[in-house]
Protein chains: 2
Amino acid sequence: MDSALVDQKASAVSPPKDLESGPNISSFRLDNGLEVVVIPDHRAPVVTHMVWYRNGSADDPPGKSGIAHFLEHLMFKGTAAHPQGEFSKVIAELGGQENAFTGNDYTAYFQRVAKQHLPVMMAFEADRMTGLQLTDEVVAPERDVVLEERRMHCDADPGAQLGEAMQAALFTHHPYGTPIIGWAHEIEGLSRADALAYYQRFYTPQNAVLIVAGDVEPEEVRRLAEETYGKIKPLGETPQRRRPKEPPQLARRTVTVNDEKVEQPVWQRCYLTPSYRTAAPGEAEALEVLAHILGGGQTSLLYRILAVEERIAAAAGAQYMGTTLDDTRFFLYALPAPGVTLEQLEQAVDRVLAQFLVDGIDEATLERAKTRLIADAVYAQDSQAMLARWYGASLSTGLTIDDVKQWPARIDAVGAAAVLDAAKKHLDRRKAVSGFLLPEEKAAA
Amino acid sequence: MDSALVDQKASAVSPPKDLESGPNISSFRLDNGLEVVVIPDHRAPVVTHMVWYRNGSADDPPGKSGIAHFLEHLMFKGTAAHPQGEFSKVIAELGGQENAFTGNDYTAYFQRVAKQHLPVMMAFEADRMTGLQLTDEVVAPERDVVLEERRMHCDADPGAQLGEAMQAALFTHHPYGTPIIGWAHEIEGLSRADALAYYQRFYTPQNAVLIVAGDVEPEEVRRLAEETYGKIKPLGETPQRRRPKEPPQLARRTVTVNDEKVEQPVWQRCYLTPSYRTAAPGEAEALEVLAHILGGGQTSLLYRILAVEERIAAAAGAQYMGTTLDDTRFFLYALPAPGVTLEQLEQAVDRVLAQFLVDGIDEATLERAKTRLIADAVYAQDSQAMLARWYGASLSTGLTIDDVKQWPARIDAVGAAAVLDAAKKHLDRRKAVSGFLLPEEKAAA
């Protein structure tokens with residue numbers, strides 16, 4: 001088992017494009033509500049088998065932060081039919097790989113095996129959708145594992161501390177402000193009863209998406225799915241996601257972490273923006289292009305001016321984290337060159353942004369950005385796992401297969417005016433948090 | 001009806017001292033769980049009658065912010081026995097006063113009348129503890145009243161916006177970060193069913209404290225209470241307050257509001273500190289003394305140095321908001337003199353604080369602060385309503401009558417070392433939010 005948190009950046013899955021002419025994806029629904037997506041890929045005799053549940057950390061009940069991620073760990077603890085460790089042992093013996101991850105909006109389980117082993121994977125995964133057996137003997141030690149994971153990867157890392165504090169400041173009310181792994185004092189209180197209640201609420205066929213990518217045909221997947229997942233009874237009521245909404249944001253915020261472990265200062269900024277699901281038509285695509293123009297690689301505006309021309313930054317970039325159910329984050333960052341303060345760097349970033357709004361976007365820059373975004377996505381189709389993951393993340397955050405397929409065309413349709421409008425509207429510091437990561441202060445008040 | 005929000009500052013009720021030799025307060029509990037406190041005050045033939053419910057905005061269910069305050073409004077909408085307006089009309093005809101307020105931790109209803117009318121007040125107040133009748137016809141218009149209250153007092157006031165944003169940034173997880181009045185988009189969704197569910201959960205004798213101050217004897221109050229409140233059946237289960245706890249705070253934060261309506265810039269800072277209920281013994285009292293030394297009036301350190309000596313501030317002060325159930329706020333503020341920026345002012349405040357830690361506290365300053373705090377409290381005993389309110393707020397936030405009575409002795413026992421320790425431990429910028437209120441920026445990025 002290689003259980004992992006999805007970090008905020010990685011969860012913005014890089015999407016393949018030109019999918020209208022891409023694989024012939026089919027989807028159907030079993031009688032119990034399970035949605036099934038089949039992505040044929042006959043280049044090699046392997047399959048990627050994923051089950052996505054439409055619940056993530058943002059669905060953790062109040063006071064139970066971390067339960068989604070904790071349950072992901074507990075899903076490896078065995079069932080009545082298959083004791084702890086058997087599933088992973090079988091995968092290893094078959095030469096396969098497995099993984100699991102928890103995001104803000106979903107929890108997913110993944111195996112990659114030779115095609116003939118798909119039925120075994122489906123049988124095991126269907127079995128643990130309802131058959132999980134939890135005793136205090138496995139729950140308590142696993143909770144310690146998670147607490148140790150939190151201590152190592154969050155509490156001991158000033159950069160992670162800053163990230164958590166920025167998200168907490170950006171989302172004053174919405175649960176994206178709570179870390180996926182949870183707050184330590186709440187993880188400590190998670191019990192077997194909490195885990196079972198959560199499991200029984202969310203781990204149901206109506207709440208899941210099965211994605212099978214690889215050397216298979218839809219009819220075969222349907223038959224196998226009916227023999228395995230199809231035997232699970234639907235729950236009385238489909239789980240609903242009820243999340244608090246952000247109030248209007250009117251105050252710009254900064255967050256500063258000083259820590260002796262910091263060697264490289266970092267400046268960051270997160271703006272609260274719409275996601276692919278919540279944006280007006282074309283707006284999310286404009287934000288995607290905007291992120292690429294401002295900060296996608298070494299030809300981007302921020303990198304070119306700050307790192308190459310003015311040499312005040314060692315690096316600079318931007319990212320739009322559009323694949324979320326609710327309003328999301330547009331992210332800027334820069335590392336200062338030696339002798340440059342973060343305040344100077346921030347002022348320089350804001351100067352570049354202001355000048356960008358004045359200058360506008362020339363056609364060549366726009367086309368280069370769009371071509372690159374679409375090309376990245378087309379290349380991504382080479383990766384069976386990446387494609388499966390893109391569909392899984394999209395379908396778990398309120399999008400459809402058509403939304404994914406038409407993404408390249410929608411990116412292609414973005415005009416310079418839409419990108420500038422998105423920048424003017426959404427790069428609003430009253431809806432943003434700036435973050436400063438710094439070494440220990442000499443004289444802290 | 002003069003319904004009012006308790007603002008964050010006013011809720012730190014100024015406490016009377018030397019109460020060991022003060023009024024002979026008695027308390028008892030009715031069979032249905034109602035706690036009763038009688039504060040004799042025979043100087044005039046009047047009584048103050050208050051009912052405090054141990055639920056405030058911090059107990060609002062997730063997604064239902066504002067429900068505590070909304071219900072406070074709805075408590076004036078009449079019962080089966082007494083239609084809307086009758087209670088208030090009777091009070092007015094008797095020459096009395098009434099009020100109601102909602103805080104983070106409590107909701108309270110208050111009348112002040114000539115002593116012979118106490119039985120009538122008790123009958124009315126007991127009646128609406130269980131007899132409230134709500135129809136959609138009264139709920140919907142009252143919700144509009146609250147929304148208008150929010151628009152006028154919060155949304156249209158940049159200072160209130162800054163306050164809300166600071167609390168939201170200070171409390172990343174705990175509900176003190178949510179405004180007492182609620183967020184507009186959640187108030188809009190509050191229904192009759194929500195109000196009734198909340199009422200039935202919290203408005204019970206076990207969850208209430210009755211405070212009667214004035215020209216009465218305990219036995220008379222007991223008899224009257226048994227005839228009125230005593231007839232109410234206890235609820236099956238005493239309401240529990242289950243609130244999320246703050247994770248450790250490690251990042252210092254700032255919040256900035258720019259608004260064209262701002263004429264006087266303001267600098268503020270809130271530190272997260274223990275309250276009287278959560279602090280180690282003596283620690284809250286040390287914070288109280290610290291606030292007075294730093295910023296209590298015109299002889300305080302911040303005022304003297306910044307406003308009198310250096311003339312860079314027009315005003316400066318500090319306040320400890322100790323009367324809360326959970327961890328609370330220690331508050332600093334300063335107004336800049338003309339030509340002084342908020343950054344300069346903040347640096348000056350931090351310089352004064354750092355120098356204070358170096359210089360320590362001389363005995364005369366410490367004694368002056370303690371004497372003044374205790375004297376203020378003794379004077380406050382002159383006010384029947386203030387005394388009733390102090391006991392009500394204390395008993396609603398987890399303290400006891402003895403805690404209140406012994407407060408002057410505990411303040412008197414505070415030593416200089418304890419004050420300095422409290423300053424070193426709690427005036428920690430990693431646990432604080434600084435706030436900047438400024439006019440509109442000329443060139444906002």
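How many residues of helix α1 (residues 67-74) of chain B are buried? Eight of the eight are, so the helix is largely enclosed by the rest of the structure. The model is predicted: local features need pLDDT of at least 70, side-chain atom pairs count only at pLDDT 80 or more, and totals for chains, interfaces and linings use all residues. Residues are numbered from 1 along each chain as its sequence is written, chains are lettered from A and ligands numbered from 1 in the order in which they are written, and side-chain values use heavy atoms, with hydrogens and water left out.

**Figure 1. Helix α1 of chain B.** The buried residues of α1(B) are B:I67, B:A68, B:H69, B:F70, B:L71, B:E72, B:H73 and B:L74. Buried means under 20% relative accessible area, exposed over 50%, and partly exposed in between, with a 1.4 Å probe and protein chains only. Helices (H or I, at least four residues) and strands (E, at least two) are DSSP runs, numbered from the N terminus.

**Figure 2. Chain A as a whole.** Chain A has 16 helices and twelve strands. Its radius of gyration is 23 Å, close to the 22 Å that the globule rule gives for 445 residues, so chain A is as compact as a globular protein of that length. The radius is taken over C-alpha atoms, and the rule is 2.2 Å times the number of residues to the power 0.38. The C-alpha trace of chain A spans about 65 × 55 × 40 Å along its principal axes. Of the 445 residues in chain A, 60% are buried.

**Figure 3. Aromatic pairs in chain B.** Rings of Phe, Tyr and Trp (its six-membered ring) pair if their centres lie within 6.5 Å; planes under 30 degrees apart count as stacked, over 60 as edge-to-face and the rest as tilted. Over all chains the count is 32 aromatic pairs. One of them is the stacked pair of B:F87 and B:F124, 4.6 Å centre to centre with 5° between the planes. This pair links distant parts of the chain, with B:F87 in helix α2 (residues 86-93) and B:F124 in helix α3 (residues 118-130), 37 residues apart. B:F87 counts as buried at 9% relative accessibility, and B:F124 counts as buried at 8%. B:Y320 and B:F330 form a tilted pair, 6.4 Å centre to centre and 40° between the planes. Here B:Y320 lies in strand β10 (residues 313-320) and B:F330 in strand β11 (residues 328-336), ten residues apart. Both B:Y320 and B:F330 are buried.

**Figure 4. Rings and charges in chain A.** A:Y53, A:F76, A:Y109, A:Y199 and A:Y203 are linked into a cluster by ring pairs. Over the ring of A:F76 sits the charged end of A:R128, 4.8 Å from the ring centre. The charged end of A:R222 sits over the ring of A:F28, 4.1 Å from its centre. A charge sits over a ring if NZ of Lys or CZ of Arg is within 6 Å of the ring centre and within 35 degrees of the ring normal.

**Figure 5. The largest pocket.** The volume of the largest pocket is about 1200 Å³. Of its 46 lining residues, the closest to the centre are A:P62, A:G63, A:P244, B:P62 and B:P244. A pocket, on a 1 Å grid over the protein atoms alone, is an open set of points with protein on both sides within 12 Å along at least five of seven lines; lining residues have an atom within 4 Å of a point. Grid points are joined across faces, edges and corners, and a volume is the space filled by probe spheres set on the points.

Technical notes
On a 1 Å grid over the protein atoms alone, a cavity is a set of points where a 1.4 Å probe fits but cannot get out, and a pocket is an open set with protein on both sides within 12 Å along at least five of seven lines; lining residues have an atom within 4 Å of a point.
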